[in-house]
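Here's a quick write-up to read alongside the coordinates. Have a look at the model before going on.

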Amino acid sequence: MDTLDEAMEKAGAAAYAIYASSQDPDMRYLTQFATSDPLFYIKKRGETGVIIVPQMEIGRAQDEASCDAITRGDAGFFTYLEEEVSPRRATARMAYEYVG
C-alpha cells in the first residue's frame, strides 16, 4: 500500500482529490505532468490515480504523466455543464461523480 493510500485509510477517506496546476508541488509530485492550467487529480483508495484533462491535452498527458489520464468529456463534464448553472458547478459535480 502506498503512502497516499495509507493516509486516506487513516483519515477514513475513500478518495483524494486536488485541483491545481503543476505549479503546486503536490500536483507535480503526484502526476509528473507540467501544465499551467489547473486540473483534477483524483485517487480512489486502492486504485491508480487519474488526471482529468481537456481533450487537446490527452495525448501529451498519456505520454508524460506518471498516472492515468482521461478527458473532461469522458469524466462527464459536458453533460453536467448542460445541467448546471455554471462551469464551476459542472466541474465540481464532475469530480464528485467521478469519485462516486
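The notes below cover the ground rules, the sheet, the helices on it, a salt bridge and a cavity.

## Ground rules

This is a predicted model, so to speak of local features needs pLDDT of at least 70, side-chain atom pairs count only at pLDDT 80 or more, and totals for chains, interfaces and linings use all residues. Residues are numbered from 1 along each chain as its sequence is written, and side-chain values use heavy atoms, with hydrogens and water left out.

## The sheet

Four strands make up an open sheet, ordered 1-2-3-4, with mixed pairing. Strands here are DSSP runs of E, at least two residues, and helices are runs of H or I, at least four, both numbered from the N terminus; two strands pair if DSSP finds at least two bridges between them. On the edges sit strand 1 (15-20) and strand 4 (68-71), each pairing on one side only. From one strand to the next, the twist averages 20 degrees; axes are lines fitted to C-alpha atoms (for helices, over the stretch in contact), and angles between N-to-C directions run from 0 to 180 degrees.

Strand 2 (residues 39-44) and strand 3 (residues 50-53) run antiparallel, joined by three bridges. In this pair, Y41 stands opposite I51 of strand 3.

## Helices on the sheet

Helix 1 (residues 3-11) packs on the sheet and touches strand 1 and strand 2, where contact means heavy atoms within 4.5 Å. The direction of helix 1 makes about 75 degrees with that of strand 2. Helix 5 (residues 87-99) also packs on the sheet, touching strands 1, 2, 3 and 4, and its direction makes about 20 degrees with that of strand 2.

## Salt bridges

Counting a side-chain nitrogen of Lys or Arg within 4 Å of a carboxyl oxygen of Asp or Glu, you get seven salt bridges. One of them joins E83 and R93 at 2.6 Å, N to O. That pair links distant parts of the chain, with E83 in helix 4 (residues 77-83) and R93 in helix 5, 10 residues apart.

## The cavity

There is one cavity of 30 Å³ or more: a set of points on a 1 Å grid over the protein atoms alone where a 1.4 Å probe fits but cannot get out, with lining residues having an atom within 4 Å of a point. Grid points are joined across faces, edges and corners, and the volume is the space filled by probe spheres set on them. The largest cavity comes to about 30 Å³, and its lining is F33, T35, D37, L39, P54 and E57.

How values were computed:
On a 1 Å grid over the protein atoms alone, a cavity is a set of points where a 1.4 Å probe fits but cannot get out, and a pocket is an open set with protein on both sides within 12 Å along at least five of seven lines; lining residues have an atom within 4 Å of a point.
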